[in-house]
Amino acid sequence: MDAVLVQAIINGLLLGGVYAAYSAGFSLIFGVMGVVNLAHGELIMLGAFTSYWLFQFFNLDPYFSAPFAMVFLFSFGYLVQRFILNRVMGLPHIMSYILTFGLHLMVANIAIKIWTHDFRSITTSYSGANAAILGLNIPYARLITFVVALFVTWGLWFFLMKTETGRAIRATAQDKEVARLMGVDIRNIYAITFGLGAAITGLSGAVISPFVIISPEMGLEYTIIAFCVVVLGGMGYIPGALVGGLTLGVAQSLAATYLNAGVSVAITFIILFMMLVIRPTGILGKGNIA
Amino acid sequence: MMFRNFKLVLAAMFVISLIAGSAIAEQPKPWKIGVAVSLTGVFGKDGSLVKDAYTLWEETVNSRGGINGIPVSVTFYDDKSDPATTAKLTEQLIVSDKVDLLLGGFGSSQLFAASPVAEKYQYPLISGGASSNKLFERGFKYYFSTLGKATEEVRGCVDIFTAVDPKPKTAAIVGADILFTSLACEGFKKYCEKNGIEVVHYELFPMALQDYNSLLMKVKNKNPDILLVGSHLLVAMKTIKAMKEIDFSPKAVAFSYGPTVPKFVEDLKGDAEYVIAASEWTPNMPYEGKMFGKASEFNQLYQKRFNRNPDYVEAAAAGGAVAQQMVLEELGLKPPLTKEDRVKIMEALHKDKFQTFYGKIEFGPDGANEAHPPVAVQIQSGKLENVFPLEFAEAKILYPFKPWKQR
């Protein structure tokens, strides 16, 4: 096969891994609570900034800062759901859109006040390191992110299927009234779910921090991609984030290679539009469209 | 007892205020100069640099007895990076605050909105932070810029390659598809053609592009000698990250804007080495003028006041303020200015040649500074070194750039 094509597909898969890593949390939160979290990108931003500051002040490697980002984002997510989003859970969806959009503006603007508009970057000794195998280029940091994406998807699936809390989350997602009758504290389950979604999103923010540019305003573009990825893979279907991410990554990479970079951005929205019209349940048809 | 004391205090305060009032009344009315500039929003950072430059100018002028013996007072309004607000605030400065003169803020879209207002009320408007060619193509008489046009600003970044051996034969040009950066790409192309460098790839991409790897991989496959990028800071940083990840090592890489911002070197560290960037001014240039003395002395003043070196945009802004000041001194004007005075100022700005710390300023008929040679700087050992024009260069260009894997 043509080396350019193989390289384009590899680039696409690695890019897709990045997309999948930061979209899984979005899918979880939608699947359980029906909340389209418009502040999703801000969770990534906070995860990336956690890494940035730990790197700046303690010279901590971005990969070692990932657990801190998870703990911080879990607490943040838990509190946001418990004290803010839980207030609108029974109300029409539009209320949660408005609330999370407000959250997006609030978090981004507070971050600007504290951290200014500056663009930041983490440069470690191994930044940009890459392997050249058979003339093909594979950047290590992206490969690690790809593995993290697989692990997050599997871990989340394991957690939902095999643990008591996971069962309670699934029960709440399926029928919250019955779950309540069975003794599930659904307000707490909601908070745990949002916390969990935020934690894995924070984790992804930390693992992508070595190769992205970090700024308080970075969030929105990530929210948009996460939305596309999740629609592509099926809203609320956790492995769908992986399927959607990889599909979008490869599509964009091929478009950038054989057409041009402008088309590679446009294709995201063309795919989003077509999926919503033709197959709103996602590529695998397992998404939740209620 | 308490009550009597209170009355006494009141009386004393009244007397003091009378004295103070008369003292103020005897002071000459200062020059009122208005600036609408972005202090928050996307251009908040850049705009605050421009504000620092004008503040330093104001303080320096006042410490030296003002302009024609009259102190200067600069008013800043924040346009929140919104061009419509810039226009509104400019009108407010002219109509309700009745300022004597204006100075320009930051950003082509901001100045594009402010300049028609200035033109309408016949206020000269000099900016040091906007260079899109469109600004100069409207036949305005009152708009001036101490920067060159965007397409001309990048000339140094291409001309420098005539001085290296062996000369690069091919170039790839990529850039963000917004006004300033796309013009920079046009400039790159124009000067590549002039210098006989073949452009093997030319592509503009949307600002929203997240994946630079695929785009640059395509460029890498065409194996150009040099890479020229129409950029802002964010684009420049993303490009360097991606180039290293995909192991793309052309003989040189040059950016239209970004690397001169200190954050670029601070955060990218060693990866920023060898990077070339367009500039209009560096403190080592042999320029000298009346107000700030030598370029290096302006730099020292900046160090003392703000504890950092100025960016070239700040020098350009202060240079514009100095040019306007020189006209006021030449014409011997005093505030408040009349409309006729401002017409005279506009004519003098077009006619005069200004010798300043920022270099020669000569405004062409379209208001762009025509006397200013474009500069190229290169990051060498973490410092911005002036490498072009050759007669002012403080270091020799390092070429070719060391491949990523050998660093």
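User: In which sense do strand 1 and strand 2 of chain A pair, and over how many bridges?

Analyst: This is a predicted model. In it, strand 1 of chain A pairs with strand 2 of chain A. I133(A) stands opposite L136(A), which belongs to strand 2 of chain A. The pairing is antiparallel, over four bridges.

User: Which residue in the turn of the hairpin has a positive phi?

Analyst: The hairpin is formed by strand 1 and strand 2 of chain A, with two residues between them. One turn residue has a phi of about 50 degrees, and that residue is L134(A).

User: What pattern of helices and strands does chain A follow along the sequence?

Analyst: Chain A has 11 helices and two strands. Read along the sequence, the pattern is α-α-α-α-β-β-α-α-α-α-α-α-α.

User: Why is chain A said to be as compact as a globular protein of its length?

Analyst: For 290 residues the globule rule gives 19 Å, and chain A is close to that value, so chain A is as compact as a globular protein of that length. Its C-alpha atoms fill a box of roughly 60 × 50 × 35 Å along the principal axes. The radius of gyration behind the comparison is 19 Å.

User: What share of the residues in chain A is buried?

Analyst: Burial here requires 20 or more other C-beta atoms within 10 Å of a residue's own. Applied to the 290 residues of chain A, the buried share is 53%.

User: What share of the contacts in chain A with a separation of 6 or more joins residues 24 or more positions apart?

Analyst: The count takes contacts in chain A with a separation of 6 or more. Of these, residues 24 or more positions apart account for 79%.

User: Which element gives the most residues to the side of chain A that touches chain B?

Analyst: The contact takes 31 residues from chain A and 31 residues from chain B. Elements of chain A that each supply at least two residues include strand 1 (130-133), strand 2 (136-139) and helix 10 (238-258). By class, this side of chain A has 12 nonpolar, 16 polar and three charged residues. The most, five residues, comes from helix 1 of chain A.

User: How far apart do the C-alpha centres of domain 1 and domain 2 of chain B lie?

Analyst: The domain assignment of chain B gives domain 1 as 31-148 + 284-361 and domain 2 as 153-279 + 375-406. In their contact, 11 residues of domain 1 of chain B meet 10 residues of domain 2 of chain B. The domain 1 side has four nonpolar, six polar and one charged residues. The C-alpha centres of the two domains of chain B lie apart by 30 Å.

Conventions
Residues are numbered from 1 along each chain as its sequence is written. Chains are lettered from A and ligands numbered from 1 in the order in which they are written. This is a predicted model: local features need pLDDT of at least 70, side-chain atom pairs count only at pLDDT 80 or more; totals for chains, interfaces and linings use all residues. Domain bounds come from an automatic or database domain assignment. Two residues are in contact if their C-beta atoms, placed from the backbone, lie within 7 Å. Ala, Val, Leu, Ile, Met, Phe, Trp, Tyr, Cys and Pro count as nonpolar, Asp, Glu, Lys and Arg as charged, and the others, Gly among them, as polar. The radius of gyration is taken over C-alpha atoms; the globule rule is 2.2 Å times the number of residues to the power 0.38. A residue is buried if 20 or more other C-beta atoms lie within 10 Å of its own, exposed if 12 or fewer, and partly exposed in between; C-beta atoms are placed from the backbone. Two strands pair if DSSP finds at least two bridges between them.
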